[in-house]
Amino acid sequence: NHAVEKATTAVDSLCPFCGVGCQLTYHVKDDKIQYVTGKDGPANRGRLCVKGRFGFDYINHPHRLTKPLVRKDGIPKHGEDFVDPANPWTHFREATWEEAMERAARGLVKVRDEVGPQAMAGFGSAKGSNEEAYLFQKLVRMGFGTNNVDHCTRLCHASSVAALMEGVGSAAVTAPFAAAMDAEVIIVIGANPAVNHPVAATFIKNAVRQKNAKLIVMDPRGQALTKFATHHLRFKPGSDVAMLNALLNVIIEEGLTNPAYIQRFVDGFPDLEQAVKDATPEAMSPLCGIAPDVLRDVARMYATSKASIIFWGMGVSQHVHGTDNARCLIALGLITGQVGKPGAGLHPLRGQNNVQGASDAGLIPMVLPDYQSVEDAAKRQAFEAIWGPGVKNEHIAAKRGLTVVEIMNAIMKGEIHAMYIMGENPAMSDPDASHAREALAKLDHLVVQDIFLTETAFHADVVLPASAFAEKDGSFTNTDRRVQIGRAALKPPGEARQDWELVQDIAQRMGLPWNYAHPREVYAEMASVMPSLAGITWPRLEDEEAVTYPGGREIIFTDGFPTATGRARIVTTKVTPPAELPDTEYPMVLSTGRLLEHWHTGAMTRRATQLDALEPEATAQLHPRDAAKLGVTAGQQIRVSTRRGSIQLKARIDRDVAENMVFIPFAFYEAAANLLTNPQLDPFGKIPEFKFCAAKVEAVEAA
Ligand code: SF4
């Protein structure tokens with residue numbers, strides 16, 4: 001209302017949640033956000049979803065960490081009573097910043113010097129800014145002396161990144177999601193944008209409503225977008241490669257490829273022809289469950305339209321064959337020339353607000369910033385020339401580091417002894433979470449930096465209270481490769497400090513002579529070592545608020561690819577089953593994901609009053625026919641078990657879930673879905689198979 005409006009200060013910033021990157025305005029009074037309005041940003045045109053509009057009061061939640069904490073002596077880090085989730089603070093005591101930082105840094109130095117750099121590891125976060133990601137990986141590489149640095153991109157699009165890097169030489173999207181408005185055919189596969197990228201979904205809906213685009217949804221589950229679709233291919237879970245190879249077969253057999261494009265830009269076509277020769281719709285239909293005629297229709301629509309775009313999400317990537325799934329999608333785009341022109345392209349929808357930027361900034365164990373291989377001596381030297389020597393004059397390690405799940409396995413094998421975790425919550429987000437929690441507890445030294453005492457912080461030796469999104473300045477890169485500026489609207493509570501300052505403080509205490517005064521100085525250094533940011537200065541970001549890289553171009557690969565030859569490469573695939581198939585003991589399929597109202601491990605959204613009121617407790621979704629078979633009614637307690645564990649939660653009956661499948665969101669600690677998931681990894685992207693494992697469902701009490 002007008003009275004409130006007049007009394008508030010408006011601060012333009014960004015939504016802290018998903019990779020869509022909506023611009024918004026915080027309306028602040030008395031150091032509190034009163035309400036939020038959408039801005040006319042290029043990604044959202046004034047729109048916001050429920051999370052962006054209403055999910056901000058977690059910032060003021062009484063659970064906010066306001067003082068550094070250190071673990072009390074003699075408190076176990078694991079086992080039945082290691083922590084009371086209702087009151088985990090009892091196992092910590094408050095400390096001064098000096099004591100906490102000294103203890104944090106001393107523990108890291110001890111392991112580095114006594115056990116060795118390879119016994120160290122760090123997880124950064126895709127929720128933090130580009131500057132925080134850049135500083136964190138630089139600390140791990142120069143201060144710890146290892147490439148054991150990773151973040152949750154490993155758990156979402158690592159397989160897409162692996163396939164895109166080998167195929168087209170770049171891991172970013174080829175076109176923004178708004179390109180849907182220029183497309184004739186839109187494929188959405190393994191993604192549920194209406195829930196996970198709600199504002200991006202509005203562009204897809206508008207393309208259908210206003211521009212008569214044809215939408216094809218490929219997903220074993222139902223979803224809101226199917227109302228707008230000409231086809232909904234509810235393929236059998238885990239059978240993506242069979243279905244996609246059938247589409248490739250039809251396009252090749254019916255002569256619907258783009259030979260001129262292939263000749264000019266694509267290698268590997270003869271191998272693909274050979275590889276999918278027998279993957280006819282008739283042969284693949286029994287595997288994927290889609291009728292041959294439908295496969296033919298869809299292949300023809302995609303290949304013959306003036307412009308077709310593919311959006312994909314975790315349903316594609318989170319499989320042991322996730323890289324193969326993405327390879328098939330890339331091959332579809334390449335053999336038809338549906339890349340590099342308006343309305344066409346390949347767009348893996350990024351999950352977290354800054355997963356693109358954190359990856360670009362080098363928060364990945366195999367690559368330095370801008371995907372420059374750690375195994376390339378010349379690249380390492382180029383970074384050393386700017387970064388200076390390591391703490392003991394050592395060079396950047398030449399060996400690739402370990403990935404998220406590999407780090408947990410290495411701790412269990414006694415190879416990693418100390419970790420610094422900034423803003424990540426592997427105790428909730430890692431597959432087979434009991435194993436991950438056991439690993440965290442086994443560390444000699446764990447430093448956790450966060451805004452809440454997360455489930456990961458339960459295992460920490462030192463907890464550093466950090467700043468929430470609305471309390472910091474920084475740049476963030478959305479799913480479209482759009483670098484945008486986030487501005488601080490509030491002060492951090494109590495003694496909490498800026499994340500970048502904390503990373504710098506640890507670096508200084510470990511012996512690195514850093515002296516940044518503001519994120520803009522970090523950004524300036526980043527931009528000087530990352531060719532992708534050429535021409536995108538901090539003042540320009542402040543002025544324009546959003547600049548797409550490279551060079552402001554929304555659509556890329558219009559004239560070749562950023563590979564050594566300038567050509568893209570098709571990599572063929574074979575149908576492989578999921579790692580763990582249903583059997584008599586575990587006859588159903590478990591799939592996990594998100595809800596519209598809750599984001600990731602729930603640390604923020606479960607403390608946002610309105611979002612928590614909408615989805616206050618964990619539920620497992622079952623198809624009505626499965627519920628009937630199991631004798632389960634809506635709201636009844638059920639037990640879901642896999643070979644790794646068992647959880648109890650309420651049943652939600654939902655026609656959108658495939659038959660013989662149970663779907664559980666992973667945001668709820670009291671029924672943590674990841675206690676059940678399979679840690680088997682895709683061999684290329686090293687991503688776990690969150691979307692498929694064998695499970696058993698039982699009613700706990702009579703209906
Ligand atoms: Fe925030 Fe994503 Fe919703 Fe936009 S679509 S308001 S970025 S959660």
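## A parallel sheet and its surroundings

Helix α8, which spans residues 198–211, lies across strands β8, β9 (214–218) and β12, and runs at about 145 degrees to β8. Helix α9 (residues 240–253) also packs on the sheet, where it touches β8, β9 and β10, and its direction makes about 140 degrees with that of β9. These descriptions refer to a predicted model.

The sheet itself is open and consists of 5 strands in the order β10-β9-β8-β12-β13, with parallel pairing. Its edges are formed by β10 (231–233) and β13 (345–348), each of which pairs on one side only, and from one strand to the next the twist averages 15 degrees. Within this sheet, β8 (residues 185–189) and β12 (residues 308–312) run parallel and are joined by 5 bridges; V188 has F311 in β12 as its bridge partner.

A second pairing, between β19 (residues 474–477) and β20 (residues 482–486), is antiparallel and extends over 4 bridges, with G474 standing opposite G486 in β20. The two strands form a hairpin with 4 residues between them, and R481 in the turn has a positive phi of about 70 degrees. Along β19, G474 and F476 point one way while S475 and T477 point the other way, yet all of these residues are buried.

| Strand pair | Sense | Bridges |
|---|---|---|
| β8 (residues 185–189) and β12 (residues 308–312) | parallel | 5 bridges |
| β19 (residues 474–477) and β20 (residues 482–486) | antiparallel | 4 bridges |

Elsewhere in the chain, helix α18 (residues 404–412) is mostly covered, since 7 of its 9 residues are buried. Just after α18, G414 takes a positive phi of about 80 degrees.

Taken as a whole, the chain has 25 helices and 30 strands, and 64% of its 703 residues count as buried. Its C-alpha atoms fill a box of roughly 70 × 65 × 60 Å along the principal axes. Because a compact globule of 703 residues would have a radius of gyration near 27 Å, the 24 Å of this chain agrees with such a globule. Among contacts between residues at least 6 apart in sequence, 75% join residues at least 24 apart. The chain exposes about 24,000 Å², of which carbon and sulfur atoms supply 51%.

How values were computed
Residues numbered from 1 in each chain as written. Predicted model: local features only at pLDDT ≥ 70, side-chain atom pairs only at ≥ 80, totals over all residues. Heavy atoms only, no water. Pairing = 2+ DSSP bridges. Axes fitted to C-alpha atoms, helices over the stretch in contact; angles between N-to-C directions. Contact = heavy atoms within 4.5 Å. Buried < 20%, exposed > 50% of the residue type's maximum accessible area, 1.4 Å probe, protein only. Rg over C-alpha atoms; globule rule 2.2 N^0.38 Å. Areas by Shrake-Rupley, 256 points an atom, 1.4 Å probe, with all protein chains shown as cover.
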